[in-house]
Amino acid sequence: MPAADPPVDPLTETSAPAGTSAAALRAAIPLFIPAIPFGLVVGVAITDSAMPTAVAWSTNVVIFAGAAQLATVSLAATATWLTLVATAAVINLRHVMYSAALSPRFNEQPRWFRWVGPFFLIDQLFALTSVRTSLSGPAWRRFYLTAGIFYFLSWTTVVSIGLVVGSSIPVEWRLDVAPAIMFAGLVVLGLANRPGIVAAVVGAGVCLLALDVPNNGGILVGAISGVTAGYLADVAEVRRAEVRRDTTGAQ
Amino acid sequence: MNTFPAVAAVLSVGMITYASRAGLIVFLAERPLPTNISRALRYVGPAVLSALTVNLIAGGQGIGGVEFVEVAALGMAIVVAAVARNLLAALAAGMVTLWLLLWLL
């Protein structure tokens, strides 16, 4: 075969061979930047947490999922063990989608990697690795692990910085409100279509009405209502589109 | 929260997080999720995160725990997130609104 130029990676626009660790890092770093304020907020929330600080910090190593960590450390003051775990389980449902989407890529991988790899599967890593159809076998594995370990180390560092900085900020600054603002921002940025807006509005509204449900059960009542409403809105939207297509087709 | 229930909670959430990431990769290779389920899963994010926002603002004290300044800060953050599509800008706008109102009121 004739020697070809090194392929230009469309996502990073570098000519580093796509399967090298350098290419993985170059692709991974830009996606980490938006996670920095989130990591700082988690760090501050750890200093505010009703949990012992060391236990709350250990969420970095044991959980390694920003939204689930933030919920765990900030709900510790008011929630029981069971609501806390149930809430985190619902927050983590999106990982099931990632897992489903990536499972064909993992089939060709060795068994040890099928067990180790998923631990690192945060949103950014999914975004990076699910689109890399040009890589396979050991090259995809090296790319996945390099980016995953990079995210793990930098996330833990940023959260630790937030923890150190947060404990020296006075209470009057009301940094306790930051997690709620963060979650609201994540909702808005994640809204891709009308059913998504329906899900968010119903989720928030029902939770507001259900605030008196004991043990923070309102979160789950709101979440289940929101998902149901979003799903129904999605079904209705598809049906409307079909009706529209049928009527225009008949003319 | 004492050390023991805190450790138990963190370990449980850790196991659930790992299970939701690894479950289909380790055990259900090549079997796709039913379309209805994956369609419903798309709305888990907005539904649970917005419910969580409301719950955190109430701070475990029911509707009486919701303060005007917090709602104003959230509203500003939501508007900025929608317009600028940037999480850092939304966080900054929300916190600055909160500080301004706390200083003014």
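Mentor: With sequence neighbours within four places set aside, A:Ala210 is in contact with A:Gly218, A:Val221 and A:Gly222. Bear in mind that this is a predicted model.

Trainee: What makes A:Gly218 a contact of A:Ala210?

Mentor: A:Gly218 is listed as a contact of A:Ala210, so their C-beta atoms, placed from the backbone, lie within 7 Å.

Trainee: Where is A:Ala210 found?

Mentor: A:Ala210 sits in the loop between α12 (194-209) and α13 (217-250) of chain A. Its C-alpha atom is separated by 11 Å from that of A:Ala223, 13 residues apart along the chain.

Trainee: Why is A:Ala210 called partly exposed?

Mentor: A:Ala210 has 19 other C-beta atoms within 10 Å. Buried needs 20 or more, and exposed needs 12 or fewer.

Trainee: Why is A:Ile122 called buried?

Mentor: For A:Ile122 the count is 23 other C-beta atoms within 10 Å. The cut-off is 20 or more, therefore A:Ile122 is buried.

Trainee: Which residues is A:Ile122 in contact with, leaving aside neighbours within four places in sequence?

Mentor: They are A:Phe64, A:Ala65 and A:Tyr151. A:Ile122 itself lies in the loop between α8 (111-116) and α9 (123-130) of chain A.

Trainee: How many residues of chain A are in contact with chain B?

Mentor: In chain A, 82 residues are in contact with 66 residues of chain B. By class, the chain A side has 58 nonpolar, 19 polar and five charged residues.

Methods
Residues numbered from 1 in each chain as written. Chains lettered and ligands numbered in written order. Predicted model: local features only at pLDDT ≥ 70, side-chain atom pairs only at ≥ 80, totals over all residues. Helix = DSSP H or I, 4+ residues; strand = E, 2+ residues; numbered from the N terminus. Contact = placed C-beta atoms within 7 Å. Nonpolar A, V, L, I, M, F, W, Y, C, P; charged D, E, K, R; others polar.
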